[in-house]
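Hi everyone, thanks for coming.

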Amino acid sequence: MGIEAIVIFLIIGAVAGWLAGLIVRGTGFGLIGDIVIGIVGAFIAGWLLPRVGIVIGGGIIGSIINATIGAVILLLLIGLLRRR
């Protein structure tokens, strides 16, 4: 993996985490928090969405949408676990 791919990976994670933070809580989580949430969300969506039959197109926009959906799912699950 080249440096360009790593930078794109981090940018997609940051944007997806920031968007998910806005959707779920109304604020972001800081740069590092947004990146971590976005990257974990991308893995969740990459695993979950094809299993339920949802396929989002490729490219950077598709990756951001996919990662954002996964990050929102992650934040909702964390919110449910914190309430217990």
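Before anything else, a contact here means heavy atoms within 4.5 Å. With that in hand, 63% of the protein's contacts with a separation of 6 or more are between residues 24 or more positions apart.

A word on where this comes from: it's a predicted model, where local features need pLDDT of at least 70, side-chain atom pairs count only at pLDDT 80 or more, and totals for chains, interfaces and linings use all residues. Residues are numbered from 1 along each chain as its sequence is written, and side-chain values use heavy atoms, with hydrogens and water left out.

So what's the secondary structure? We've got three helices and zero strands, in the pattern α-α-α along the sequence. Helices are DSSP runs of H or I, at least four residues, and strands are runs of E, at least two, numbered from the N terminus.

On to overall dimensions: the C-alpha trace spans about 40 × 30 × 20 Å along its principal axes.

Now, what's buried? That's under 20% relative accessible area, using a 1.4 Å probe and protein chains only. Buried residues make up 29% of the 84 residues.

Let's look at α3, residues 59-83. Its 25 residues should span 36 Å at 1.5 Å a residue, and its end C-alpha atoms are 36 Å apart, which agrees. The expected span is 1.5 Å times one less than the number of residues. Buried residues in α3 include G62, I64, A67 and G70. And what covers the buried residues of α3? The cover includes α1 (3-24) and α2 (30-51).

How values were computed
Buried means under 20% relative accessible area, exposed over 50%, partly exposed in between (1.4 Å probe, protein chains only).
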